[in-house]
Amino acid sequence: MPGRRKFVRTISRGIASALLLPAFDYTDSNAHPVMPRFDSNNEENYWREIRSQFPLKKELVFLNCATLGPSPQVVVAAEAATNLELNTNAALPANADALLADIARLVKATKQNIALTHNVTEGINIGVWSLDLHKGDEVIISTHEHVGNAVPWLNRARIDGIILKPLKLRNTAEEMFEAVKKSITPKTKVIALPHIPCTNGQVLPIAAICNYARQKGIFTIVDGAHGPGLLQLDLPALGCDIYASCCHKWMLGPKGTGFLYVHTDSIEKLSPQFAGAYSDSGWDLLSSPPRLNGFVPTAHRFFYGTQSPTQYAGVIAAIKFIEAIGQEKIETRARDLATYLQDQLLDMGKEKIEMLSPTEAISRGASNGYNVHKLGYKEVANACRKEKVIIRAVPENGVDCVRVSTHIYNNKEEIDQLINIIKTLA
Ligand SMILES: Cc1ncc(COP(=O)(O)O)c(C=O)c1O
């Protein structure tokens, strides 16, 4: 549809120039935004240029993308252009297919494995309610769950009498894997752990756990809120049955967007509880009795109805932005900055700082959870906010700490700024 393309591209250019960024045609599946050239001799300069592609206010030190990630200008522009097109030309073909293909590429799956959702919690609820579970069946979760992976399971327990078995986090990947294995009983039907908990940012050994569970015939549902956009993911290799995630944290996409990955072998094991346009394989109200043939053999059985073309465009642009930089480079940078922060916090000494995140390299992600002994966690977060340094207070499950998340728009000076504040409080 060249006419429409040209219009969208033109609008993109208009908005792009208003925002001082290079235009990029997000409707072209092969196009990517133009990025500064990476120079390993001057990395800090490269990341400063990346930072300049975010409309995030310059004076803000934003260290909380584990709640919501700020979008780069290309995402804001793609959303704005699509919204304008939608409301001026009155019709826009939904680019769900292009989006499914882009998400699939990011997580090394196929688009048949991907369903579009609005957030992580929606994906978890789809998993929780599509499974055939009965009274007394056991589900292993952790004691560090976000409400999004706690309440859906608690609700299923309330209605169907399944039993939740919360497991404490361990310090290393090996200890964690052993603890999961030990907590399995003949009644264990599901392991529903986070890839990275919202509290201390620990990267759990999800591949080992899921592949072990698969051998034992135990279903796995991973809360993947913090995976995509941060980690280089290969979801089929991870071995999970379901991975519920979002595009509004580390992926830096529009807020209120998410996706659900379902392993090819698992699709037929799941019975959709909500269904509609495109999730079915045929229906007839005129037959007697009225008939639903069944569901499509793809993850499309889990989503239906109208979603937002504006947000689709934004997620496509976010994925193109990630790809233009490179997921490997992004993961390395985000984790390096987190290590830089953790080292300085550890240097302050145990008598001042309680570090709740693992120090083992494979288990350490890009978020640090810690406490300042002298002050309550909420006071620490508030004191930082007063200095325009945004971190998150974590009240979940009595963990009561602060969490600092580092991403590609951050730099070492910002971490130093945070450390200087913490030193005045500790
Ligand atoms: C680990 C974890 N799981 C689930 C969620 C819920 O995400 P959403 O609000 O997209 O449903 C969050 C949100 O912060 C989270 O950190």
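Axes here are lines fitted to C-alpha atoms, for helices over the stretch in contact, and angles run from 0 to 180 degrees between N-to-C directions. Helices (H or I, at least four residues) are DSSP runs, numbered from the N terminus.

The model is a predicted one, in which local features need pLDDT of at least 70 and side-chain atom pairs count only at pLDDT 80 or more, whereas totals for chains, interfaces and linings use all residues. Residues are numbered from 1 along each chain as its sequence is written.

Next, display the residues between the two helices. On the α3 side are V74, V75, A78, E79, T82, N83 and L86; they meet P309, T310, Q311, A313, G314, I316, A317, A318 and F321 of α10. Residues are in contact if their C-beta atoms, placed from the backbone, lie within 7 Å. By class, this contact has 10 nonpolar, five polar and one charged residues. Ala, Val, Leu, Ile, Met, Phe, Trp, Tyr, Cys and Pro count as nonpolar, Asp, Glu, Lys and Arg as charged, and the others, Gly among them, as polar.

Proceed to the ligand. Of the 15 residues around the ligand, N119, T121, G148, C198 and A225 come nearest, where a residue counts as near if its C-beta atom, placed from the backbone, lies within 6 Å. Colour α5 (120-130) and α6 (147-160), the elements that give two or more residues to this shell. The shell has six nonpolar, eight polar and one charged residues.

Now colour the chain by domain: domain 1 is 96-320 and domain 2 is 329-425, with bounds from an automatic or database domain assignment. Their centres, taken over C-alpha atoms, are separated by 29 Å. Domain 1 gives 18 residues to the contact and domain 2 gives 21 residues. The side of domain 1 that touches domain 2 has seven nonpolar, 10 polar and one charged residues.

Finally, select helix α11 (residues 327-347) and helix α13 (residues 412-425), which pack at an angle of about 30° with axes 10 Å apart. This makes α11 roughly parallel to α13, the term for angles under 35 degrees. L337, Y340, L341 and Q344 of α11 make the contact with K412, I415 and I419 of α13.

Methods: Angles under 35 degrees count as roughly parallel, over 145 as roughly antiparallel, 65 to 115 as roughly perpendicular and the rest as oblique.
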